[in-house]
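Work through the exercises below with the sequence and the model open side by side. Each task is followed by a solution that goes step by step.

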Amino acid sequence: MSAELLPCVEIETGPQPTHAVIWLHGLGADGHDFEPVVDAFDEAALPPTRFVFPHAPMRPVTINGGYVMRAWYDIIAQDFSKRREDPVGVHESATQIEALIARENARGIPDERIVLAGFSQGGAIALHTALRHPKRLAGVLALSTYLPLAETLKDEASAANRDVPIFMAHGRDDGVIPHDFALQSFAQLTAAGYPITWQTYFVEHGIVMEEIRDVEQWLMSVLVR
């Protein structure tokens, strides 16, 4: 059975888009969260691109007392020294993102012109999905996040995306996902041979204009080829 398509916000930077960026929001936010970033980009410097901002499903989140909110997976524990994500939720969300990739294919955009992007929990799903996706993608944008289910990557990694460009960025003062924890994911991916651009910014759990400018330059490098 194919996954039901998630509701999405869509912004097209030009007619008949030739490229797509599927961008996943963080815990408790929604697809509108990163709409303003597109306005901050120099759209003329990018090819006609469809930015797709899906809304995560509503689900109870354990660390928030079971409160129901938009989340890509349940977070079971605050302690970053233990596995804290819910594998079932991660896999469900990955399947839903695969369905969005397939929709872009059906609309005429091949995998190699699609970037998976995300912030925080959304970035975790972007990394998880992209590195297992069976066809080569244009790139992975992972902001203020980490690699979930890290221990399964070695056996599940797709050969097609072994050299996919990855941009990881993190706030040095992040109190939600500690900078050092994100560095562990960076180190694991680097050791596995993935080409990663890593940037650190003086910000907490959020993004700053310097970061947006760097993301814009990186997007140009992977979309305009």
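**Exercise 1.** Determine which residues R50 is in contact with, leaving aside its neighbours within four places in sequence.

*Solution.* Taking contact to mean heavy atoms within 4.5 Å, and leaving aside neighbours within four places in sequence, one finds E10, I11, E12, P17, H19, A20, V21, E104, R107 and I109 around R50. Finally, R50 counts as buried because its relative accessibility is 6%, the classes being buried under 20%, exposed over 50% and partly exposed in between, with a 1.4 Å probe and protein chains only.

This is a predicted model, in which local features need pLDDT of at least 70 and side-chain atom pairs count only at pLDDT 80 or more, while totals for chains, interfaces and linings use all residues. Residues are numbered from 1 along each chain as its sequence is written, and side-chain values use heavy atoms, with hydrogens and water left out.

**Exercise 2.** Find which residues touch the most other members of the largest nonpolar core.

*Solution.* A nonpolar core is a set of buried Ala, Val, Leu, Ile, Met, Phe, Trp, Tyr and Cys residues joined through side-chain atoms within 4.5 Å. The largest one has 44 residues, and I166 and L189 touch the most other members. Helix 3 gives the most to this core, with five residues. For L189, the contacts beyond four places in sequence are L127, L131, L147, L153, M168, Y194 and I196. I196 is also the bridge partner of I166, in strand 9.

**Exercise 3.** Work out which strands stand at the edges of the open sheet.

*Solution.* The seven strands follow the order 1-3-2-6-7-8-9 with mixed pairing, where two strands pair if DSSP finds at least two bridges between them. Strand 1 (8-12) and strand 9 each have a single partner strand, so one side of each is left without a neighbour in the sheet. Strand 9 pairs with strand 8 in the parallel sense over six bridges.

Note on methods. Helices (H or I, at least four residues) and strands (E, at least two) are DSSP runs, numbered from the N terminus.
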